[in-house]
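I open this notebook to record what I looked up in one structure. The entries follow the order in which I consulted it.

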Amino acid sequence: MADGDEELRRQLLAIVAEEGLVESREVGVGERLDELGIQSADFVMILMAIEEKFGVYIPVDESLTEAKTVGDLLDVVCRHIEDHRAKVAS
């Protein structure tokens with residue numbers, strides 16, 4: 001994983017903790033979203049914060065609705081951010 005990817009994931013973890021109202025030390029990539037108490041309203045707030053910070057639209061599609069862990073969520077979100085950055089750069 002590149003340093004930029006690692007930094008992006010750190011930023012995303014911080015957003016998940018803040019918007020999901022979870023202690024940041026409890027948020028790890030292996031943690032299940034439901035076990036962290038992240039409800040659908042929290043999920044929406046997390047996505048909105050990510051979209052605002054990174055200027056990218058993240059559709060609520062099958063890959064996102066199937067995300068069970070924080071790592072799953074980060075994988076989907078990172079893919080959208082990287083696709084967005086590639087389009088902007090070209």
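Predicted model: local features only at pLDDT ≥ 70, side-chain atom pairs only at ≥ 80, totals over all residues.

Residues are numbered from 1 along each chain as its sequence is written, and side-chain values use heavy atoms, with hydrogens and water left out.

I then looked up the helices (DSSP runs of H or I, at least four residues) and the strands (runs of E, at least two). The protein has four helices and zero strands, in the order α-α-α-α from the N terminus.

Next I turned to burial (buried is under 20% relative accessible area, exposed over 50%, partly exposed in between, with a 1.4 Å probe and protein chains only). Buried residues account for 37% of the 90 residues.

I searched for salt bridges (a side-chain nitrogen of Lys or Arg within 4 Å of a carboxyl oxygen of Asp or Glu). The structure holds five. In one of them, aspartate 75 meets arginine 9 at 2.5 Å, N to O. This pair links distant parts of the chain, 66 residues apart: aspartate 75 lies in helix H4 (residues 70-89) and arginine 9 in helix H1 (residues 3-19). Arginine 9 is buried at 18% relative accessibility, while aspartate 75 is partly exposed at 35%.

I also recorded glutamate 23 with arginine 25, at 3.3 Å, N to O. Arginine 25 is exposed, at 67%.
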